[in-house]
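User: I am new to this structure and would like to learn how to read its features one at a time. Could you guide me through it?

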Amino acid sequence: MTRFPGSCSLDVVGIGNAIVDVLVQTDDSFLTEHGLQKGGMALIDEQQAETLYTASGPGLETSGGSVANTMVGIAQLGGRAGFIGRVRNDQLGGIFSHDIRAVGARFDTPAATTGATTARCLIYVTPDAERTMCTFLGASTQLEPDDLDLSMVRDTKVLYLEGYLWDSPAAKRAFIAAAEVCREAGGQVALSLSDGFCVDRHRDSFLELVNGHVDVLFANEVEIKSLYETDDFETALEKVGGCCSVIAITRGGEGSVVLSGDQRWNIGIFGLGELVDTTGAGDLYAGGFLHGYTQGESMERCGQLGALCAGQIVTQLGARPQVSLRDLAAAHLN
């Protein structure tokens, strides 16, 4: 199935927030004590980040960021992935840069030498595997159009963007500039709505993007219902259907739904072990899906590959796979 003109040296290039995750296993009382809304994502400043970090128990520090996690998944599956995002020349920036390159993803964005420190996300995982995120965006918000490696953007099949970028005016400008260059070069643009609260903040902008500027849309059930301000999932699907060439909506334990044209595929889940941490499930679903998509796989196969990657990541702590996704796909899908 041919979807892309010409030859590209990269399958997917992602633009997103370059973040180091600090994962902490805790209980509901900690969330209550610090006024955190369970299951949500709150933006915090550097002082709040330091206060919460100090109050937290032992944590696992690992490179993260929604789109960066997706690029790692694609690289692990054997795809050709690149990432564009801003870190500072500090300890966390060094960790992020090393980790994403170590899995084979291309990352060439120069580290900032001034300004805010590298972004970090405090992720509190409660015993029910739900995650509550507190994010200090730091240096990632300094990404400007001038920072973009447009040669990468022109040389990719799909440009993948995260909705979180809309929280920074500078990153938003970079996002729009890159999408235009990719489209002009014959590539496709994919978007993740990122978070229900993010959709609440930028609903009008996201609706404009979805209606004609995005080829492949990723969202979860909460996000798509928020986008169309409805409590009914099927109503949201009716409204979004036809707005993009491909739409993939994840529904947690109920699997996912893929729409393309007038066709619909209901994709089941892969139960690969005990549920430990849902951090990164949507990111790895997108990674599996986009890898299949850029290799010309069927929509059903793309959804299954996404579901398999998501099914693996929820069995471990953290959003970077600790097993070979390529071996996993060979074992379960071939």
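User: Which residues are exposed on the other side of α13?

Analyst: Some ground rules come first: this is a predicted model, in which local features need pLDDT of at least 70 and side-chain atom pairs count only at pLDDT 80 or more, while totals for chains, interfaces and linings use all residues. Residues are numbered from 1 along each chain as its sequence is written, and side-chain values use heavy atoms, with hydrogens and water left out. Buried means under 20% relative accessible area, exposed over 50%, and partly exposed in between, with a 1.4 Å probe and protein chains only; helices are DSSP runs of H or I with at least four residues, strands are runs of E with at least two, and both are numbered from the N terminus. In α13, D327 and A331 are the exposed residues on that other side, whereas L325, L328, A329 and L333 are buried in this helix, which covers residues 325–333.

User: What do the buried residues of α13 pack against?

Analyst: Contact means heavy atoms within 4.5 Å, and the buried residues of α13 pack against α3 (66–76), α11 (281–294) and α12 (299–313).

User: How do the axes of α3 and α11 cross?

Analyst: Two packed helices are described by the angle between their axes and the distance between the axes. Axes are lines fitted to C-alpha atoms, for helices over the stretch in contact, and angles run from 0 to 180 degrees between N-to-C directions. Here the axes of α3 and α11 come within 8 Å and cross at roughly 45°. Angles under 35 degrees count as roughly parallel, over 145 as roughly antiparallel, 65 to 115 as roughly perpendicular and the rest as oblique, and α3 and α11 are therefore oblique to each other. Residues making the contact include S66 and N69 of α3 and D283 and L284 of α11.

User: Which residues of α4 are buried, and which exposed residues does the face turned away carry?

Analyst: On the buried side of α4 one finds L92, G93, F96, S97 and I100. They cover an arc of only 135° around the axis, which puts them on the same side of α4, while the face turned away from them carries the exposed residues Q91, H98 and A102. Among the elements covering the buried residues are β2 (19–25), β4 (60–64) and α3.

User: Is T126 buried or exposed?

Analyst: T126, found in the loop between β7 and β8 (131–136), counts as buried because its relative accessibility is 3%.

Conventions: Arc of directions from axis to C-beta.
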